[in-house]
Amino acid sequence: MPTIESILKETRIFSPAKEFSSKANIPSFEAYQALCAEAEDDNLSFWAKRAQEQIAWHKPFTQVLNDRMAPFFQWFSDGELNVSYNCLDRHLETQADKVAIIFESDDGEIIRSTYHDLHQRVCKLANALKSQNINKGDRVVIYMPMRIEAVVAMQACARIGAIHSVVFGGFSAKSLHERIQDAGAVAVITADEQVRGGKRNPLKLIVDEALSKADTAFVRLVVVYQRTGADIRFDPARDVWWHEFTENAGLQCEPEWVGAEHPLFTLYTSGSTGKPKGVQHSSAGYLLGTKESMQWIFDYKPADVFWCTADVGWITGHSYVAYGPLAMGATQVIFEGIPTYPNAGRFWEIIQKHKVTTFYTAPTAIRSLIKLGADLPEQYELSSLRLLGSVGEPINPEAWMWFYEKVGRSRCPIVDTWWQTETGSHMIAPAPGAIALKPGSCTFPLPGISAAIVDEAGHDVENGKGGFLVIKKPFPSQIRTLWGDSERFKEAYFSKDIGCGKYYVSGDSAYRDIEGYFWIMGRTDDVLNVSGHRLGTMEIESALVAHPSVAEAAVVGKPHEIKGEAVIAFVVLKGQYPHAEEITQITHTLREWVAKEIGPIAKPDEIRFGENLPKTRSGKIMRRLLRSLAKGEEITQDVSTLENPAILEQLKYPEK
Ligand code: PRX
């Protein structure tokens, strides 16, 4: 197992301040332990009680867990609810005029939407969709800028029981096409353009390209939100403007009551092999996970101003923008832009302006902000903050300390939250009033989450030893299946190779220290974590090989100061090994090609060319060696099984 440098030496520990603990939802370590013990004693009663308390049921459930078809678990399955009702209608009687969303656009315009207003917007779009015969179970792809309308689109789908599949606005036409196709979507909701950091991204044009092939003919409606007023192509048979489409739609829309297991959404994520996986989540179990974590980990209080910076295109933006905060009746900030535009003080300015109390972001953003202005936070009034959070990748202790001291002014706990698209909500993270923090550790599992570190046989490993991070018992917010591919679901997450298929296998490696704190070490499969985004090496390789001049490609990760991991590609071209003058040109061409095929986030940072790749005699590419080469390490491993050891020399140095 690889180890993470410096973490073993990390001995700093930060106990919760009395002032914080005394008001916290879980106010002490004993209180945390008591919740864990309750879950341990009777797991089903533990979850049943919480599902009854947290969810407004249209029809109460009688069965808690159905595990007869394991690993296709069902939770609360005979209950009926509507997630949008739980996020909106539920608050109308008590706090209709509370601000639900404080929206700030890329250029600084501010729009406030109350629960009353949000409810009306959602009902209008829901009614308009229904008028076009879009109903329960239909799939709707959402390809939107980070604006109130993105949340409205998701909530409107939930309201009518349509299954949304949000595609991040940075994905290319090809990736969008693949997702629309796989989901069999009947409608796409998009905008004319997206604006981030002053730059425009032509979303509608990309949708047009994605829908240009006959194999997406099942898409019969494209709703276009007018963001910039750019001149776009309009197909009157298929396209409608959002404002015209919803203009005459009713302000009330009876929610579609669905079974607890009805899919709320699918979200595509990278795996180590093949095409992206459509992770399918349920309605009730997912909602419960987001609500419990809002309270236990974000220590939610009604007066909070919550800000999660993630885009709705990722799971974090689903659970902690579109659903969790609204289900709690919170006020939250949604920001359209990027942290560094118009300057590197933008995040701090937003916190100051909107008096943000809870700020949740990614280590990659923290690192880039340190680089661009480590002293900048000091110039802002950040005293409204009471809690900080981190997600997406391990946060290195130095970045943790900076975040803690410069942003939180050594007053605010940091919740380092480990979870995944597939788990739907936090799995391992500190209850901030209860648990002493260690920089770089996500600390302990949430109550009811049986996270463990095991060897291949599924036995717990001793503290201090690395192993596979698994979750032993089913939990409500877990992935239900992969859209259209239940076999792949079983293989990917309940692999017979680890623990004989009994446990949910996360694909991460981790260890626990002497005191039982969890430390995440990284992925065990071929998945890179670039700026907190999971990218399958396999997908980038397929994109490279699809270029007419590429014969073979292998992609690995290399540690990167800001992005966490950089994408390094080893490429064999068809024909001759390129001349020095050709290399710059072909490198540029291939980087742009990958950006077009997958999206700019997947662009290789570096491409090295070789006459071939290091392979075993059985023809398997030795990625371990490529990883060492990428990092510039001396090769100390045994290379005697290599078919072509001489190639290592050629691939050693990046071309100038
Ligand atoms: O490797 C872990 C890393 O991100 C992966 C999940 O990626 P994704 O499904 O895109 O979801 C990201 C947002 C939840 C995990 O398998 N990861 C996520 N959070 C952490 C983390 N690694 C270390 N520490 C974290 N807090």
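Ground rules. I am working from a predicted model, in which local features need pLDDT of at least 70 and side-chain atom pairs count only at pLDDT 80 or more, while totals for chains, interfaces and linings use all residues. Residues are numbered from 1 along each chain as its sequence is written, and side-chain values use heavy atoms, with hydrogens and water left out.

Entry on the domains. I looked up the division of the protein and found domain 1 (18-508) and domain 2 (531-651), with bounds that come from an automatic or database domain assignment. The C-alpha centres of the two domains lie 33 Å apart. I then noted that 24 residues of domain 1 are in contact with 19 residues of domain 2, contact meaning heavy atoms within 4.5 Å. The area buried between them is about 1,700 Å², and carbon and sulfur atoms give 47% of it; buried area is the accessible area (1.4 Å probe) that two parts lose on being put together, summed over both.

Entry on charge at the interface. I found three salt bridges across the interface of domain 1 and domain 2, a salt bridge being a side-chain nitrogen of Lys or Arg within 4 Å of a carboxyl oxygen of Asp or Glu. I also looked up the salt bridge of Glu597 with Lys174, in which the closest N and O atoms are 3.2 Å apart. On the side of domain 1 that touches domain 2, the elements giving two or more residues are helix H7 (173-183) and helix H13 (363-373), where helices (H or I, at least four residues) and strands (E, at least two) are DSSP runs numbered from the N terminus. H13 provides the largest share of that side, four residues.

Entry on the ligand. I counted 17 residues around the ligand, the closest being Asp416, Thr417, Thr421, Arg523 and Arg534, with a residue taken as near if one of its heavy atoms lies within 4 Å. A backbone N or O atom of Thr417 is 2.8 Å from a nitrogen atom of the ligand.

Entry on the backbone. I checked Pro71, in the loop between strand E1 (65-66) and strand E2 (74-75), and found that the peptide bond from Ala70 to Pro71 is cis, with omega near 5°. Tyr341 and Pro342 are also joined by a cis peptide bond, with omega about 0°, and Pro342 sits in the loop between strand E17 (331-335) and helix H12 (346-354).

Entry on salt bridges overall. My search of the whole structure gave 48 salt bridges. Among them I looked at Glu38 and Arg50, whose side chains meet at 3.2 Å, N to O. Glu38 lies in helix H2 (residues 29-41) and Arg50 in helix H3 (residues 43-54), so this pair ties together parts that are 12 residues apart in sequence.

Terms used. Polar contact = N/O pair within 3.5 Å; in protein donor to acceptor, adjacent residues only side chain to side chain.
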